Amino acid sequence: MNNCDKGEAEIRGCLYFMISKMFRIVNRVAEDAFSEMDICPTHGFLMVLLQEDEEGLTVNKIAETLAIAPSTVTRFVDKLITKGYVEREKNGKQSIAKITAIGKEAMTEIYSCWSQLFRKMEMIVGDEEYLKETAKQISDFTDLIEKNQKIKY
């Protein structure tokens with residue numbers, strides 16, 4: 001084995017590198033699916049969370065759920081406010097993000113973007129059952145790491 005082959009084998013065996021590579025590839029497909037809405041896929045997740053909670057959510061609760069920094073959540077909420085999808089209300093010292101009527105109307109398009117992403121991934125992978133099983137394994141793996149690391153975002 002020459003040095004290039006050995007290096008490639010070591011990289012392919014590196015969990016961190018392979019997960020990062022997979023994320024970059026899947027993220028390109030996801031960003032393409034959401035491009036017409038001019039929001040990123042995580043904005044779509046944030047909208048789903050807000051739709052599910054009529055009372056609204058704090059930045060910290062969104063950050064914890066989406067596993068991103070509170071400052072990133074604030075930027076995302078600001079972007080969604082400019083589009084009219086979300087509003088911010090003050091509740092004492094806390095800021096609560098809530099979905100607007102326009103945001104609720106946009107949910108059909110957001111779910112359409114998610115469907116487009118999943119259809120594209122099924123086409124790429126070529127096996128719906130394999131894709132579902134892989135997603136379940138990745139979800140279980142993520143839950144295990146999160147549970148055992150007590151990571152704060």
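Trainee: Is L46 buried or exposed?

Mentor: Keep in mind that we're looking at a predicted model. L46 lies in helix α3, which covers residues 41–52. The cut-off for buried is under 20% relative accessible area. L46 has a value of 0%, so it counts as buried.

Trainee: Okay, and which residues is L46 in contact with, leaving aside its neighbours within four places in sequence?

Mentor: Contact here means heavy atoms within 4.5 Å. Once you skip the neighbours within four places, the residues in contact with L46 are I62, L66, F76, V77 and L80.

Trainee: What separates the C-alpha atoms of L46 and V86?

Mentor: Along the chain, these two residues are 40 residues apart.

Trainee: Let's move to D38. Where is it, and what is its phi?

Mentor: Look in the loop between α2 (15–34) and α3, and you'll find D38 there. Most residues other than glycine have a negative phi. D38 isn't a glycine, yet its phi is positive, at about 60 degrees.

Trainee: Is D38 buried, exposed or partly exposed?

Mentor: Buried needs under 20% and exposed needs over 50%, with partly exposed in between. D38 has 46% relative accessibility, so it is partly exposed.

Trainee: And A67, what are its phi and its relative accessible area?

Mentor: A67 sits in the loop between α4 (59–66) and α5 (70–82). A67 is not a glycine either, but it has a positive phi of about 60 degrees. A67 is partly exposed, and its relative accessible area is 33%.

Conventions: Residues numbered from 1 in each chain as written. Predicted model: local features only at pLDDT ≥ 70, side-chain atom pairs only at ≥ 80, totals over all residues. Heavy atoms only, no water. Helix = DSSP H or I, 4+ residues; strand = E, 2+ residues; numbered from the N terminus. Buried < 20%, exposed > 50% of the residue type's maximum accessible area, 1.4 Å probe, protein only.
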